[in-house]
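Welcome, and please open your viewer. This tour takes you from one selection to the next and tells you what to look for at each stop.

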Amino acid sequence: MQIHPRAREYPDSQFSRPIRDESELTAGVKIEPGKSYGFFTDTTRCIGCKACEVACKEWNALPADSVGLTGMSYDNTGGLSASTWRHVAFIEKIGHGGGRATEMAPYQSNWLMMSDVCKHCHNAPCLEACPTGALFKTEFDTVVVQQDVCNGCGYCVPACPFGVIDVNLDDGKAHKCTLCYDRLKGGFEPACAKSCPTDSIQFGELAELHRRAAERVQELHRLGVESAYLYGTPGAPGATGGLEYLNAFFLLTDAPEVYNLPRAPTRASNRVMPSLLSGLATMAGFAVAAVALFAGASRNGR
Amino acid sequence: MKTAEGTVLLVQESRMKVQLDSGASQLFIISHKSPAEPQELQHLQKAQAKVRITYEEGDRGMYAVARRIMEI
Ligand code: SF4
Ligand code: SF4
C-alpha cells in the first residue's frame with residue numbers, strides 16, 4: 001500500500017484536533033458531495049475479528065443486543081437489526097453434500113466469513129416504500145433515515161429485500177447503517193472500513209471500488225479460487241429486479257444463499273402495479289358475476 | 001421508574017451516552033413516549049449538559065429507556 005504524501009504532515013501519534021480530509025490518508029479518497037461512495041466487502045480477506053461490528057457500535061452509540069450465546073458458531077449478534085448495523089457471519093463449511101464430516105481439507109480454514117451491512121441500493125426499495133420521506137439519498141449517494149421525520153410505521157421493513165432495516169419498538173423509529181453519514185460530512189472514512197485490519201471492507205468512490213473488485217476477482221481466479229465472483233455490481237447477482245446496483249457490494253466464493261443473501265432480490269414497487277391490476281380484475285370479475293346472477297334471476301321471474 | 005443524574009457525553013439519533021454521577025457510563029434510548037425528540041438532544045451533547053433522567057430498563061438490548069430528560 002502506498003503512503004499518501006500528506007501523511008508526512010502528521011508525524012505525531014497524538015493529535016489535538018481532527019485531521020482535515022482524513023479519509024485521504026486512511027482510505028486514499030477525498031470525500032466530496034455529489035460523488036457516489038460505497039463499500040467493497042471482500043469476504044476472502046475477512047478473518048472474523050469483528051472489529052467492524054465494534055467500531056460501528058462505538059461510533060454510533062449502538063447497544064449490544066444481548067450477552068448470551070446464540071449457539072450459532074462464533075456469531076454473537078445473529079443478524080442485522082435496529083442496533084446491529086454490521087454483522088459478521090460465520091459460515092462453517094464442514095461436511096459435504098449434507099453428510100457428516102469425518103475429515104477436513106488440510107490448510108483450509110473451512111470457514112466463510114462475511115461482514116454484512118445495508119447495501120445502500122441504487123434504487124432503494126426501503127426508500128420507495130417510505131410514506132413520510134424519512135428515507136432519503138444523501139449527497140454521497142447513500143441511503144439514510146432522517147430520525148426526526150420517521151414515524152415508525154415500518155413499511156420499509158418488508159420492502160427491503162435483504163432484511164436489513166428494522167424498527168426499534170422502544171424509540172419507535174427505523175434504524176440501519178448510515179454509511180457513517182456524519183463522518184463522511186467531516187471528511188472521515190466510515191468507522192467499520194477504517195477499523196478493518198485486513199481491508200476486507202474497503203470504502204471509496206464506487207467506480208474505483210468496481211475497478212478494484214474486478215481486479216481482485218481476476219487475481220483470485222489466477223490463484224485457483226475459481227468460485228470468486230461479485231455480488232451487487234451492475235449485471236451481477238444481487239443487482240437484479242430493478243435494483244440496478246448496490247453501493248455496498250461483495251466478493252463471494254459460494255452461492256449467495258450460503259451467506260444469507262437473496263440470489264435475485266427485487267424491488268417491492270415492481271409488484272405494486274401487477275397486484276393493483278389483479279385486484280381490479282378480481283373486483284371486475286365479481287361485478288360481472290353478480291350482474292349475470294341478478295339478470296338470470298330476474299329473467300326467471302324470481 | 002428510576003432516576004439518574006449525569007453528564008451527556010454523546011448523542012447519536014435517539015441514543016445518548018451519559019456519564020452517571022456514580023462514575024459508570026450508561027446508554028439511554030429516548031422512549032417514543034418521551035416528549036423529547038432526537039433532534040432536541042444535540043444541544044445537550046454540545047453543552048456536555050448535566051441532566052436528570054427518569055428511565056426504565058430496556059428489555060430488547062443493553063440500554064435503558066429514557067422517559068423524561070431534564071437539564072439541571
Ligand atoms: S439494503 Fe435494504 S435498507 Fe439498505 S438501502 Fe437497500 S432496501 Fe434500503
Ligand atoms: S473488521 Fe474486517 S476482518 Fe474484522 S470481522 Fe470486520 S470485515 Fe472481517
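## First stop: a buried aspartate

Select Asp42(A): this residue is buried, with a relative accessible area of 0% (buried means under 20% relative accessible area, exposed over 50% and partly exposed in between, with a 1.4 Å probe and protein chains only). Before moving on, note that this is a predicted model, in which local features need pLDDT of at least 70, side-chain atom pairs count only at pLDDT 80 or more, and totals for chains, interfaces and linings use all residues. Residues are numbered from 1 along each chain as its sequence is written, chains are lettered from A and ligands numbered from 1 in the order in which they are written, and side-chain values use heavy atoms, with hydrogens and water left out.

A salt bridge here is a side-chain nitrogen of Lys or Arg within 4 Å of a carboxyl oxygen of Asp or Glu. Arg216(A) lies in helix 7 of chain A and Asp42(A) in strand 1 of chain A, so the pair ties together parts that are 174 residues apart in sequence. Arg216(A) is buried too, at a relative accessible area of 13%.

## Second stop: helix 7

Select residues 206–222 of chain A to see helix 7, which has 17 residues and reaches 24 Å from its first C-alpha to its last, close to the 24 Å expected at 1.5 Å a residue. That expected span is 1.5 Å times one less than the number of residues. Helices (H or I, at least four residues) and strands (E, at least two) are DSSP runs, numbered from the N terminus.

Which residues of helix 7 of chain A are buried? Highlight Leu206(A), Leu209(A), Ala213(A), Arg216(A), Val217(A) and Leu220(A). They cover an arc of only 105° around the axis, which puts them on the same side of helix 7 of chain A; the arc is that of the directions from the helix axis to the C-beta atoms. Turn to the face away from this buried side and you will find the exposed residues Ala207(A), Gln218(A) and Arg222(A).

To see what covers the buried residues of helix 7, show chain A strands 1 (37–42), 8 (201–205), 9 (229–231) and 10 (248–252), which are included in that cover. After the helix comes Gly224(A), whose phi is positive, near 105°.

Select Lys194(A) and Glu22(A), which form a salt bridge with their closest N and O atoms 2.9 Å apart. Lys194(A) sits in helix 6 (residues 191–195) and Glu22(A) in helix 1 (residues 22–26) of chain A, 172 residues apart. Lys194(A) counts as partly exposed at 39% relative accessibility, whereas Glu22(A) counts as buried at 11%.

Next, pick Ile31(A), in the loop between helix 1 and strand 1 of chain A. Ile31(A) is buried, with a relative accessible area of 10%. Beyond neighbours within four places in sequence, the contacts of Ile31(A) (heavy atoms within 4.5 Å) include Tyr37(A), Phe140(A) and Phe203(A).

## Last stop: ligand 1

Finally, select ligand 1, which 13 residues surround (each has a heavy atom within 4 Å of it). The closest are Cys118(A), Lys119(A), Cys121(A), Cys126(A) and Cys160(A).
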